[in-house]
Amino acid sequence: MKILLATTNRFKVREITEIIPDVEFLAISDFTDHWEVEEVGATFEENSLLKAKTAAHYFGIISIADDSGLEIPILSYFPGVQSSRFLEDRPFEEKMKAVLERMSSFDKPEERVARFRTVATYYDPLTGQSLSAEGVVEGSIAERISGDNGFGYDPIFIPKGFDRTFGELSDIIKNNFSHRSRAFHKLFERIKSEALP
């Protein structure tokens, strides 16, 4: 079974294909160079379903999308669902610097607590069936940008139990327990047991 990954983010496509290597994934770039869905949902769940459903109906194939974000409790869970749209069209280095600036007055460990959250959603355009799963990784915000691995906010997030950021960890280590890995593994467990034939 071929499944379309409803994203134009090449880093995300690579990461997902490494996390779930036994599935044949197609990417939006296999069909078009221009694809955008306005993420108007108020939650990760709503946005992941919106993207999966829109792509599935447009391309006529089972699709999976995810919506992910960094949540910082002391900043009222900012940037949260707006993680990718914060300082829209600006490079992530600027976004990370802006987050670190907002965190500059918080130096206690309990104040720098954060988490990455992903919701991945499967949608079948023929049956209208949708399945979702969530993955969360707890951690903290680093004092500075460190590492050039991964993407997004990885270089300022230190996962719990580590002293290095996701940006400093190898793909193999990160993909073993990342928020996206947890969400996609849970989702494919649901697909195997619940997806209609």
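Buried means under 20% relative accessible area, exposed means over 50%, and partly exposed lies in between. The model is predicted. Keep these cut-offs at hand for the exercises.

**Exercise 1. Classify Ser-178 as buried or exposed, then find what it touches.**

Step 1. Locate the residue. Ser-178 sits in the loop between helix H4 (171-177) and helix H5 (179-194).

Step 2. Apply the cut-off. The relative accessible area of Ser-178 is 0%, so the residue is buried.

Step 3. List the contacts, leaving out residues up to four places away in sequence. Ser-178 touches Glu-15, Ile-19, Val-137 and Phe-166.

Step 4. Look up two of these partners. Glu-15 and Ile-19 are among the buried residues of helix H1 (residues 10-19).

**Exercise 2. Work out how the buried residues of H1 are arranged, and what covers them.**

Step 1. Name them. In H1, the buried residues are Lys-12, Val-13, Glu-15, Ile-16 and Ile-19.

Step 2. Look around the axis. These residues cover an arc of only 165°, so they are on the same side of H1.

Step 3. Find the cover. It includes E1, strand E2 (24-27), E3, H4 and H5.

Step 4. Check the start of the helix. Asn-9 caps the N-terminal end of H1. A side-chain oxygen of Asn-9 lies 2.9 Å from the backbone nitrogen of Phe-11.

**Exercise 3. Describe helix H2 (residues 44-59): its span, its buried face and its end.**

Step 1. Take the span. H2 has 16 residues and reaches 22 Å from first C-alpha to last. That is close to the 22 Å expected at 1.5 Å a residue.

Step 2. Pick out the buried residues. They are Phe-44, Asn-47, Ser-48, Lys-51, Ala-52, Ala-55, Ala-56 and Phe-59.

Step 3. View H2 down its axis. The buried residues fall within an arc of 155°, so they line one face of the helix.

Step 4. Find the packing partners. The buried residues of H2 pack against strand E1 (2-5), strand E3 (63-72) and strand E5 (113-123).

Step 5. Gly-60 follows H2, and its phi is positive, near 70°.

**Exercise 4. Which residues touch the most other members of the largest nonpolar core, and which elements supply it?**

Step 1. Name the residues. The core has 21 residues, and Leu-70, Ile-72, Val-99 and Tyr-153 touch the most other members.

Step 2. Trace the elements. E3, helix H3 (92-102), E5 and strand E6 (130-141) each give at least two residues to this core. H3 gives the largest share, 4 residues.

Step 3. A second, separate core has 19 residues, including Ile-16, Ile-62, Ile-64 and Tyr-122.

Step 4. Follow Tyr-153. Leaving aside neighbours within four places in sequence, its contacts include Leu-70, Pro-79, Phe-86, Met-96, Val-99 and Phe-116.

**Exercise 5. Examine the backbone at Tyr-77, Pro-79 and Asp-89.**

Step 1. Most residues other than glycine have a negative phi, and most peptide bonds are trans.

Step 2. Take Tyr-77, in the loop between E3 and E4. Its phi is positive, near 65°. With a relative accessible area of 44%, Tyr-77 is partly exposed.

Step 3. Take Pro-79, in strand E4 (residues 78-79). The peptide bond from Phe-78 to Pro-79 is cis, with omega near -5°.

Step 4. Take Asp-89, in the loop between E4 and H3. Its phi is also positive, near 70°. At a relative accessible area of 74%, Asp-89 is exposed.

Conventions: Residues are numbered from 1 along each chain as its sequence is written. This is a predicted model: local features need pLDDT of at least 70, side-chain atom pairs count only at pLDDT 80 or more; totals for chains, interfaces and linings use all residues. Side-chain values use heavy atoms; hydrogens and water are left out. The expected span of a helix is 1.5 Å times one less than its number of residues. Buried means under 20% relative accessible area, exposed over 50%, partly exposed in between (1.4 Å probe, protein chains only). The arc is that of the directions from the helix axis to the C-beta atoms. Contact means heavy atoms within 4.5 Å. A nonpolar core is a set of buried Ala, Val, Leu, Ile, Met, Phe, Trp, Tyr and Cys residues joined through side-chain atoms within 4.5 Å. A polar contact is a pair of N or O atoms within 3.5 Å; within protein, one must be able to donate a hydrogen and the other to accept it, and residues adjacent in sequence count only if both atoms are side-chain atoms.
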